[in-house]
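Hi,

Here is the structure I promised to pass on.

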Amino acid sequence: MEELDGEPTVTLIPGVNSKMKQMCFDWGPGEMLVCETSFNKNEKSETEPGCPFIYIIRKDIDVYSQILRKLFNESHGIFVGLQRIEEELTGKSRKAQLVRVSKNYRSVIRACMEEMHQVAIAAKDPASGRQFSSQVSILSAMELIWNLCEILFIEVAPAGPLLLHLLDWVRLHVCEVDSLLADVLGSENPSKHESFWNLVTILVLQGRLDEARQMLSKEADANPSSAGMCRILGDLMRTMPVLSPGNTQTLTELELKWQHWHEECERHLQDSTFAASPHLESLCKILLGDEAALLEQKELLNNWYHFLVTRLLYSHPTVKPIDLHLYAQSSLDLFLGGESSPEPLDNILLAAFEFDIHQVIKECSIALSNWWFVAHLTDLLDHCKLLQSHNLYFGSNMREFLLLEYASGLFAHHSLWQLGVDYFDYCPELGRVSLELHIERIPLSTEQKALKVLRICEQRQMTEQGKYREFHRFYGEKRLADAASLLLSLMTSQIAPRSFWVVFSAEQTYELMRCLEDFASRRPVWREPGVQRLQEDVENTKLEMLRLALARNLGRAIIKEGSLEGS
C-alpha cells in the first residue's frame, strides 16, 4: 500500500461531537453532504440528534470566489488557444509560442492577485481582510512557482542567460524595493534617510548596480570625506562583467573577465580601502559573494531563494542548470540555519531546481487549494514534451488526470460548468465518458440552460442525450403525435437521464395524453402469432408505462398549479 505523504486535512463540523455520535454522508461530484445520525456509541437511543443540520462540504470552494472566477474564465481561453495551435507549433517558433502562452497564464495570475490585493485593502472587517490577504499570498506563490518552471522547463535557459532570468525572477517577486526607492529619493536629503543604506544594500543584493551607483553618488555629494570610497566602489560596480542579452562574448571570456574583477575587489578589501565606512566595506564583501556578509542581510533578503540568486550572481555567475540543485539545497540549509523547517513552498522550489517536474506537480497538488494550477501547468509542460513517459496506472496520463479533476470541479458551479466542457473535450482517453456522466447531473433549472446543455450534446453527437432535444423540437412545432412517440421511446428505454425528465403543465399533459391515445389507436393490429405477437405485448407494456407516467405527472402538475394559485 502506498504510504501517505502526510496527515489528511481535518474538517471540523460545527456543533458535532464525532466522539459521541456517528456521522452519515453522501458524496456528490464536487461536494459532500454530512449530517449527524441519532445513533451513538453508547447504544442509547435518542429521539433526535444533537445537531439537527445538514452540512455541505465543498471540495473546491475557490470556484465560488468572484475574483478567482476571472482567473478560471481568462485561463480557459488561453488553454483552448494552446490546444488549437498545437499542430502549428514547430521548430524555434514552437518554443517562442510556448513561452508566450506561459507568460499569458502568469499575467492572468498577477491580474487576479492585484485585484485581490485591492479588495483586501478595502475590506471592512479584519476577518475578510485576512482571508483576502491569504488568497493574495497563495496567488503570489503560484506565480512564483510558475515563473521558475517557465525559466527552467520552457525557456530552458543555458549557463549565463540562466542567471539573468533568475535575477528577473527575484526582482519581480521582491518588489518592496521600488516603493522604498521612491520613498528615499522623495525625501529632502536622501543620504540622511533612515533607510538609505538598507536601500543601497537591497539594490546590490538584487544586482541593480546602476541604481546602487546613483545612490552612492548622493552619499558622495553629501559627505565629501567618503567621496573617494564611494567612487572606487562605484567603479567596481560599473566594471563588473555581466553577460547581457545579445552579447557575443563566450562563457570562457566572461569567466576570465569576472575572475580579474573579483581579484580587484579582493585587493581593495585587503588594502582596507573601505575600512573607514562599515557600510561600504559590507557592500564590497557582498560583491565578493562572502557568505557570512550575505547571511548578515537575512532580513533584507527575506527568503532563501533570494539568497541563492545573490550568491550565484557574486560567486558563480556562469552556473550550469545541472548544478542548480546543489546550490539551492545548500542555500536553503545556510539560510534556515537549522532554526526552522522548510515550508511546502520551499519543497516545491527545491524540486524545480532539481528538475523533478513530477515532484513539483505532486507537491503543488498537495499544497494548493484547487486543481487550476497543476492542471494548466501540466498541460503546458506536456506540450513541451516533458511528460510523455509518465502514465498513471489507472488508465490515464498525468495531464489528463489533472484536467479531468479540474473540469469536475468546474461542473460543481452553476455557470462555470460550461468551461469544464472544453477541458473534457481535450482529454482523449476519458474525457467524453466523463462529460457524459457530468452533463447528466446538471440541474436543468431553466429552459435556456436545458437548451444549452442539449446544444452541447448535439455538437458532440451524444445521440442518447439526444433525442430529448428532438422531442423538445417536436413539441414546440405542435407535432404532438411525434413528440408523444419519441417521449415513449425515451422514457421506456431509459435513454433520457432523469435530469432530462420534465414536469409538464396540466394543459400540456392533457395534450400529450390525447396524442398518445391517438397514436395508440392508429397502431397496426398484429394478426400473426409468434415474434410479432411478442412485439405487440412489448409495445402495449410501453404504452401502459407512459400512460402511468403521464397520469402521475398530471397529478403533480395539478397540485403544483393549485398551490401556486392558493399562494
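Let's start in helix 8 (residues 227-239), which holds both Arg238 and Asp235, 3 residues apart, or about one turn of the helix. Helices here are DSSP runs of H or I with at least four residues, strands are E runs of at least two, and both are numbered from the N terminus. Arg238 and Asp235 form a salt bridge, with 3.5 Å between the closest N and O atoms; the term stands for a side-chain nitrogen of Lys or Arg within 4 Å of a carboxyl oxygen of Asp or Glu. Asp235 is partly exposed because its relative accessibility is 28%. The cut-offs for that are under 20% relative accessible area for buried, over 50% for exposed and partly exposed in between, with a 1.4 Å probe and protein chains only.

Before I go on, a word on what you are looking at: this is a predicted model, where local features need pLDDT of at least 70 and side-chain atom pairs count only at pLDDT 80 or more, while totals for chains, interfaces and linings use all residues. Residues are numbered from 1 along each chain as its sequence is written, and side-chain values use heavy atoms, with hydrogens and water left out.

More salt bridges

The count of salt bridges comes to 17. Another of them joins the side chains of Arg311 and Glu291, at 3.2 Å from N to O. Arg311 sits in helix 13 (residues 304-315) and Glu291 in helix 11 (residues 291-295), so this pair ties together parts that are 20 residues apart in sequence. Are the two partners buried or exposed? Arg311 counts as buried at 9% relative accessibility, and Glu291 counts as partly exposed at 34%.

Then there is Arg460, which forms a salt bridge with Asp425, the closest N and O atoms lying 2.7 Å apart. This pair links distant parts of the chain, 35 residues apart: Arg460 is in the loop between helix 21 (447-459) and helix 22 (468-476), and Asp425 is in helix 19 (residues 417-425). Arg460 counts as buried, with 18% relative accessibility, while Asp425 is partly exposed, with a relative accessible area of 34%.

Helix 20

Which residues of helix 20 are buried? They are Gly431, Ser434, Leu435, His438 and Ile439. These residues are on the same side of helix 20, because they cover an arc of only 120° around the axis (the arc of the directions from the helix axis to the C-beta atoms). One of them, His438, is buried with a relative accessible area of 12%. The C-alpha atom of His438 is 7.1 Å from that of Phe411, and the two residues are 27 positions apart along the chain.

Val433 is also in helix 20 (residues 431-439), but counts as partly exposed at 43% relative accessibility. Together with Leu430 and Leu437, Val433 makes a nonpolar surface patch of about 230 Å². For patches, residues need over 30% relative accessible area and no salt bridge; like charges are joined within 9 Å, and nonpolar side chains (Val, Leu, Ile, Met, Phe, Trp, Tyr) within 5 Å.

Cysteines and loops

How many disulfides does the structure hold? It holds 0, taking a disulfide as a pair of cysteine sulfur atoms within 2.5 Å. For Cys364, the closest cysteine sulfur is in Cys149, 6.8 Å away, which is too far for a bond. Cys364 is buried, with a relative accessible area of 1%, and Cys457 is buried with a value of 1%.

Two loop residues other than glycine have positive phi. Ser272 has phi near 60° and belongs to the loop between helix 9 (251-270) and helix 10 (278-287). Asn302 has phi near 75° and lies in the loop between helix 12 (298-301) and helix 13. Ser272 is partly exposed at 44% relative accessibility, and Asn302 is partly exposed at 47%.

The chain as a whole

The chain has 25 helices and 3 strands, and 44% of its 567 residues count as buried. Of the contacts (heavy atoms within 4.5 Å) with a separation of 6 or more, 63% come from residues 24 or more positions apart. The accessible surface is about 30,800 Å², and 53% of that belongs to carbon and sulfur atoms; areas come from the Shrake-Rupley method with a 1.4 Å probe, and for residues only the protein chains shown count as cover.

Cheers
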